[in-house]
Amino acid sequence: MKNLLEINNIVKKYGDFRALNDVSIHIPKGCVYGLLGPNGAGKTSLIRIINQITMPDSGAIILDGETLAPHHTAQIGYLPEERGLYKSMKVGEQALYLAQLKGLSKTEAKKRLKYWFEKFDISAWWNKKIEELSKGMAQKVQFIVTVMHNPKLLIFDEPFSGFDPINAQLIAKEILQLRDEGATIIFSTHRMESVEEMCDEIALIDKSNKILDGKLADIKREFRTHTFQVGLHTEKPKEVENILRESFEVFPSNFKLLNDSLTLNVKLTEGNSSNDLLSFLTSRGEVQHFVEVIPSANDIFIQAINKNS
Amino acid sequence: MSKLKLIIQREFIAKVRNKSFIMMTFLSPLLMIGMGALIYFLMQKNDEKIKKIVYVDTSEMFSKEDFKDSKTIHFLDYTALGAEETKKKVEEGNYYGALIIPKQDSLELLAKSIEFYSKDSPGMSLINSLENKIESKIRNKKLNNFGIDLDKIKASKINTDIKMFNFSGEESSKLINGLKIGVGAIAGYLLMMFVLIYGTSVMRSVIEEKTSRIIEIIVSSVKPFQLMLGKILGNASAGLLQFFIWGIILFVISIVASSVFGVDVVEMQTAKVPAEQMEAVKAAAGGDKMQLVIQEILKLPILKMFILFIFYFLGGFMLYSSLFAAVGAAVDNETDTQQFMMPIMLPLILGVYVGFAMVINDPHGSIAVLFSHIPFTSPIVMLMRVPFGVSWYELIISMALLLVTFVFMVWLTAKIYRVGILMYGKKPTYKDLYKWLKYKG
């Protein structure tokens, strides 16, 4: 089985409102899968359906070859965007309770919690109440509660919000390590730089529809504009630029080089290849900079959403 | 261990560990007894004050014999002083009031022209007792005028005391009727209080989970229905625990108190019985009140009542707390609950009113019977009726109706609960709640 999770033709209606419109997403085993989309696109609805918090009106979900059923909750870990724990309950008791709800026995839960509490160096908090902890501390407990039952599928909704950069780094490292140990991770976020950093594949949901999905590298290729950043050391920059315009589309540059070179963004036109551009440049001067502009996740996000609307 | 059991356990422990639960459980029986003792003490104090009443009898019909001093009233004959002087004296001095009996030609006129002056307006019982005294005197006088022998009338007086039995051979009396009313009323009222207190506790707990946002984590592990049911059952167990502790505390205290104060406790208990019944007690038993009361209490179907209390508490609580849970799920904070609380409270209050107004007068009247079958009022009204003896088939119908209704209500409210716990922001309208019922899963 290549895919851990197959979401097939999911429709979810709230009254007359369609929160999800025939959405299908396939998530391969052992990857970090970015679930992206603007606010209100339907991400949370989809995540809730995967968690069996709500049921779809139609469509099917297959987890590791089996149709999603109540006993699968033990194989899923979920960190919701809006975090929360019982404020007046002690950290340890609370974690034990939640672990047992996920199907761990009490002794097993204690063992796992001990491991994680030591790993995060928070054993001293065991008997503290959540209301006595800072927000960042509570977030760590929350993270442990999400992963302690070794789920096959982990769903993180904005996992870095509320963490300072150091702890965010720590959590990112943990998430990637969990992936390397075999877990599959759904990662929902608005922070595109963390998408670049973490995700192997992404899906983009907008207005209840999936508008894009696939490997991040493939999508980037799909969104490539065949534009190159070019830096050329030449005696006659004006002349070179004018000749370039005859065979390529030329835009003003948006980057700086160390010396006084001619800098341009050049887009290949029909029938041109990057080699053509490069040989043109080498014949006119000394090439100092030649880089293809790779669309960032942010660019892709904005472009895809704008196209959809 | 099943998830439901885990949830019940957590809810139970969260409730029982709460400081207010501990306070309520151990302090309120003491408080109740303290209040009872205080009322009894005040009643004693109130009675002890002797009222001095003077009378001016110009008709010369009455004598000291007719105005005998009682425990609380002391009569003084001021006829010699004259009406006007007496009134003045009473107004200035330390007297309660003045009864002025003028001289009249006929007894009929006399009966209409007697006056009573006092600084404060007198209580009804005082005026009644004065009127009784005067009436009987004038009646005797008239009987005398008709030539009827008073002694013969006295001799013809006879007291009837109908002994009441039901067909199962239990003997009943006015005293036991009073006790039945008392026990039934206390049970019904207690049940309402329990349902209300623990129902709102369920509601608060739902709101807490919602505002602390842990709800989404919990429902990713368990079904919302399981969580709601666990919450209700956990709180019900805490309620039962409190009820048992109260029972034990009251039992211990009454044993201790009766050995320390002896008779006082008996009088406190009889004080709860309506005045009419007290007379019956005194008349029937004289000094041996304690024994009689205990005997009569033992005649009540205590075990049956206890079991029924537990059943109706659980049934009524499940019914109402599922509604409370739905309300808690629908709103974001406690201040928004008002609008939805009213329709829940109404039937509860109605139950208590119907119980007090109808059951006490006629425990098997059609209204009492009707309300002891409607599931929203049956827990209260039926408990009030049970001491008077309710046939098994009526009980079974009422219990079955309650059972069916609460299962239905739990199912219905779970639908609202399930949607509501994940909704934040705008306070929903009833129309929204109706819409939620139709959402899938």
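This is a predicted model: local features need pLDDT of at least 70, side-chain atom pairs count only at pLDDT 80 or more; totals for chains, interfaces and linings use all residues.
1. **Chain B at a glance.** The chain has 441 residues, and 32% of them count as buried. If you look at contacts in chain B between residues at least 6 apart in sequence, 73% of them link residues at least 24 apart.

2. **A helix to look at: α14 of chain B.** This helix covers residues 338–359, 22 residues in total. From its first C-alpha to its last, α14(B) reaches 30 Å, close to the 32 Å expected at 1.5 Å a residue. Where does the helix kink? Look at B:Met345 in α14(B), where there is a kink of about 30 degrees.

3. **The buried residues of α14(B).** Which residues of this helix are buried? They are B:Phe340, B:Ile344, B:Leu348, B:Gly351, B:Val354, B:Gly355, B:Met358 and B:Val359.

4. **The nonpolar cores.** The largest nonpolar core has 137 residues, and A:Ile155 and B:Ala325 touch the most other members. Leaving aside residues up to four places away in sequence, B:Ala325 touches B:Val202, B:Met203, B:Val206, B:Met228, B:Lys231, B:Ile232, B:Thr413 and B:Tyr417. Another core, of 13 residues, lies apart from the largest one and includes B:Ile53, B:Val90, B:Tyr95 and B:Ile100. As background, nonpolar side chains in soluble globular proteins tend to be buried together.

5. **Where the chains meet.** The contact draws 19 residues from chain B and 21 residues from chain A. On the side of chain B that touches chain A, α1 (3–17) and α8 (215–219) each supply at least two residues. Of the elements there, α8(B) gives the most, with 4 residues. Sorted by class, this side of chain B has 9 nonpolar, 4 polar and 6 charged residues.

6. **The domains of chain A.** Chain A is divided into domain 1, residues 3–221, and domain 2, residues 225–293. The C-alpha centres of these two domains of chain A lie 45 Å apart.

7. You will find A:Asp299 in helix α10 of chain A, which spans residues 297–308. Why does A:Asp299 count as partly exposed? Because it has 15 C-beta neighbours inside 10 Å, and that count falls between the 12 or fewer of an exposed residue and the 20 or more of a buried one. The C-alpha atoms of A:Asp299 and A:Phe223 are separated by 9.0 Å, although the two residues are 76 residues apart along the chain.

How values were computed:
Residues are numbered from 1 along each chain as its sequence is written. Chains are lettered from A and ligands numbered from 1 in the order in which they are written. The expected span of a helix is 1.5 Å times one less than its number of residues. The bend at a residue is the angle between axes fitted to the seven residues ending there and the seven starting there. Domain bounds come from an automatic or database domain assignment. Two residues are in contact if their C-beta atoms, placed from the backbone, lie within 7 Å. Ala, Val, Leu, Ile, Met, Phe, Trp, Tyr, Cys and Pro count as nonpolar, Asp, Glu, Lys and Arg as charged, and the others, Gly among them, as polar. A nonpolar core is a set of buried Ala, Val, Leu, Ile, Met, Phe, Trp, Tyr and Cys residues joined through C-beta atoms within 7 Å.
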